[in-house]
Amino acid sequence: MLRVDHSGEIAANTIYEAQADVFGFQGNREEKALIMEMWENERKHLLATSRMLDEFQARPSALVPVWGFAGRLLGGVTAVMGKKSAMACTEAVETKLRGKYKGEQLQQLDDSLALLKSILTEFRDDELEHLDTAVEHDAQQAPAHALLSAVVAYGCKGAIEIAKRV
């Protein structure tokens, strides 16, 4: 569970990093500021999941470089497509994680792991806020929204399954 979370936080950080880089290069200050705000939460999540891997003596995914590369690629491409596409990326990622992994993950934790459960609940709440932000910033108005959302959701699902094992 922690390996999957850690892998997802690496991908999220690199998505936002690439988007911030593209928007900054383009001189889109408002878009960059929005991305930087969400990225700040993800930095905290990555730090916390890294520490939890150590605390629970869990190994990170062997594919950490792949998750980083995939995140940068996805973030960069969606930012080049524009703000709405970048927001559609966030919407798709957060929807997939909330619906298929985070909810199941939290339900599986028993009371002996109350602190871990509370941390992951806080992460989920941050991610739900990112989802709301994406929708408020016209994610659903992105060109080819349905296709982009499906591709990102499918990629998330595959990454989750792979990170569970590798």
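Asp138 is partly exposed, because its relative accessible area of 38% falls between the limits for buried (under 20%) and exposed (over 50%), as computed with a 1.4 Å probe on protein chains only. The model is a predicted one, in which local features need pLDDT of at least 70 and side-chain atom pairs count only at pLDDT 80 or more, while totals for chains, interfaces and linings use all residues. Residues are numbered from 1 along each chain as its sequence is written, and side-chain values use heavy atoms, with hydrogens and water left out.

Asp138 sits in the loop between helix H5 (114-136) and H6, where helices are DSSP runs of H or I with at least four residues, numbered from the N terminus. Although Asp138 is not a glycine, its phi is positive, at about 70 degrees. Most residues other than glycine have a negative phi.

A positive phi is also found at Gln57, another residue other than glycine, with a value near 50 degrees. Gln57 lies in the loop between helix H2 (29-55) and helix H3 (64-81), and it counts as exposed because its relative accessibility is 75%.

Beyond the loop that holds Asp138 comes H6, whose 21 residues (residues 145-165) should span 30 Å at 1.5 Å a residue, the expected span being 1.5 Å times one less than the number of residues. The end C-alpha atoms of H6 are 31 Å apart, which agrees. Within H6, His145, Leu148, Ser149, Val152, Cys156, Ile160 and Ala163 are buried. They lie on the same side of H6 because they cover an arc of only 100 degrees around the axis, taken from the directions from the helix axis to the C-beta atoms. On the other side of H6, Ala146, Leu147, Val151, Tyr154 and Arg165 are exposed.

Notes
Helix = DSSP H or I, 4+ residues; strand = E, 2+ residues; numbered from the N terminus.
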